Amino acid sequence: MQLPMSGVGEILKAVGDFGPFQKWLVLLTLLPCFTLSFHQFCQLFMVPHEPHHCNTSWIRAIGPNLTEEEQLNLTLPRDADGAYEQCSMYSPVDWDLDSIVAYGLNATEKCSSGWVYPSAQAPSLLTEFDLVCDRKDLNDISQSIYMLGMFLGSMIFGPLSDRMGRRPVILISIFLQGLFGVAIAFVPHFDVYMAFRCVVGASVSGITMTILTLATEWVGVSHRPKAVLTSHCCFAIGQMILAGLSYGIRNWRLLQIAGSAPVFALFFYIWVLPESARWLVIKGRIEEAKKVLQKAASINKRTIPLELLEQLKPEAQPKPGSILDLFRKKHLRKVTLIMTCAWFVNSLVYYGLSLNVTNFGLDIYLTQLAFGAVEIPARVGCIFMLQWFGRKKTQAVLLILSGLICLIIIGIPEDQPIVTTVLATIGKFTATASFSTSYVYTAELFPTVIRQTGVGLCSMSARLAGIIAPLMLLLEQYHPSIPMAIFGSATVVGGLLCFLLPETRGTDLVDDTRDGCPPAQVCENANSSSKSEHVKGKGGGQDNEYTKSTQF
């Protein structure tokens, strides 16, 4: 008995699950991933710690022959350790130099004429825009604004992709990332820098979500996790490349150009990037769907039976998906609420742990290299965990482990930084693997007509957590254990909730919201059918192929 699935699903089986066409498509999805990690973490290297002190050149008008040490000694107060204060100076006076030397200065004020950076070797964000003293919080604020851009990108590009298509949204996002990424290198004010970073964050979010969906809708069930998670490994490799790039280019403007300009090389996507056949069918654009399916089949050296192509007709023109559709049906409402919570706590613990892993004893470049390296085994290991244990168990257990590690860290004495660092690194490993699982699992749980909207909503919650996580660290002033207690307990609760979700391993993608059951029930029916088919259909071509992917 033939397993029930949509017409486009049948044709995709005939096209091939992972032929040359799908491999070429996956390669196209990998290329932008190298640039995404640059924008995510480049600011870490643009704001290096620089010794600084107030600009006290006012005294040069009455003492032009003073040495630098004499100038600082007369105009800067010292702290308890005997070092010059970095954020205050003696108030300027109208005295002559002899009076200042004889009587000294007592009244102090904040730096009123800017700062001096004696050891600065190359221009950085910190030195050009004076991100020190009262302005040092702008560094963290700009990171939050970048995450706000990713939040807005999730809100805008998710529904836009379901309405316009996957291909145009990817092209628009790549254009915006390249344009504003390069423009950042020429900004005259830090406010403009933050505004442009917000737009880049939105474009990064659009690329990440839409490329995921396009790959998921073309690649067969058994190869879907490998295709998606390989792109995540490229994101980790991009972090390692960033460490080398930033080590070689210390000027922040040149570094920004070097990391942003290569994305313009991806404009050949205009000619080679295909649209999703599933999306075209859902939108009733049957002739376009037939053309792209036939092109995929020819590249895969397959032939689509004419009777299958003739059957490719939408039963009814579906209404465009919206966020409200995610809450109208009971099973979709449960999936939406739980996955939104899972993405939120996953992002919370990921950024919470990343901000605390500071005791490696290495410089910032080697630390970034380590951060990228630890994510690669997490991403690769996730592929096998999804195969062996399924989506639901993998997602739940990884989240629970991440939360438990945060709670264990609370009990580690402060004089054991190495133990804390090792635990935090393990926690980052599990949080990274959980993030990769979320991308695959979420795309499989939502129907095609609102898949991008569902992924976008979940991504919005993750970006919101990314904005909140640095702010939670401010609670350390009340008790140092509060942030980790929140990160840990929230993540454990989110992991436990994931056990309420359906399993999607081996099931075909659901195309519309009219289906009365979640993917897990389709999967259960498929599994029971496939067992009988496996006995009857040895050598049966397509049936055998589907049986194998179902049992995966």
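First, a word on names: helices (H or I, at least four residues) and strands (E, at least two) are DSSP runs, numbered from the N terminus. You're looking at a predicted model, where local features need pLDDT of at least 70, side-chain atom pairs count only at pLDDT 80 or more, and totals for chains, interfaces and linings use all residues. Residues are numbered from 1 along each chain as its sequence is written, and side-chain values use heavy atoms, with hydrogens and water left out.

**Stop 1: a loop.** Select the loop between helix H7 (125–129) and helix H8 (137–164), where you'll find Asp-130. Asp-130 isn't a glycine, yet its phi is positive, at about 50°. Now click on Cys-133, in the loop between H7 and H8 too. Cys-133 also has a positive phi, near 55°, and is a residue other than glycine.

Stop 2: Select helix H19 (residues 364–389). The expected span of a helix is 1.5 Å times one less than its number of residues. H19 has 26 residues, so it should span 38 Å, and its end C-alpha atoms are 37 Å apart, which agrees. Just after H19 comes Gly-390, with a positive phi of about 85°.

**Stop 3: two helices packing.** Show H10 and H22 together: they pack at an angle of about 145°, their axes 10 Å apart. (Axes are lines fitted to C-alpha atoms, for helices over the stretch in contact, and angles run from 0 to 180 degrees between N-to-C directions.) Contact means heavy atoms within 4.5 Å. On the H10 side, select Ser-205, Met-209, Thr-210, Leu-212, Thr-213 and Glu-217; on H22, pick Thr-448, Arg-451, Gln-452, Val-455, Gly-456 and Ser-459.

Stop 4: How many cavities of 30 Å³ or more does the structure hold? Three. A cavity is a set of points, on a 1 Å grid over the protein atoms alone, where a 1.4 Å probe fits but cannot get out; lining residues have an atom within 4 Å of a point. Grid points are joined across faces, edges and corners, and a volume is the space filled by probe spheres set on the points.

The largest cavity has a volume of about 410 Å³. To find it, select Thr-208, His-232, Phe-235, Arg-379 and Tyr-439, which lie nearest its centre among the 26 lining residues. Which helix gives the most to this lining? Back to H10, with eight residues.

Technical notes: 1 Å grid on protein atoms, 1.4 Å probe; cavity = no way out; pocket = protein on both sides within 12 Å on 5 of 7 lines; lining within 4 Å.
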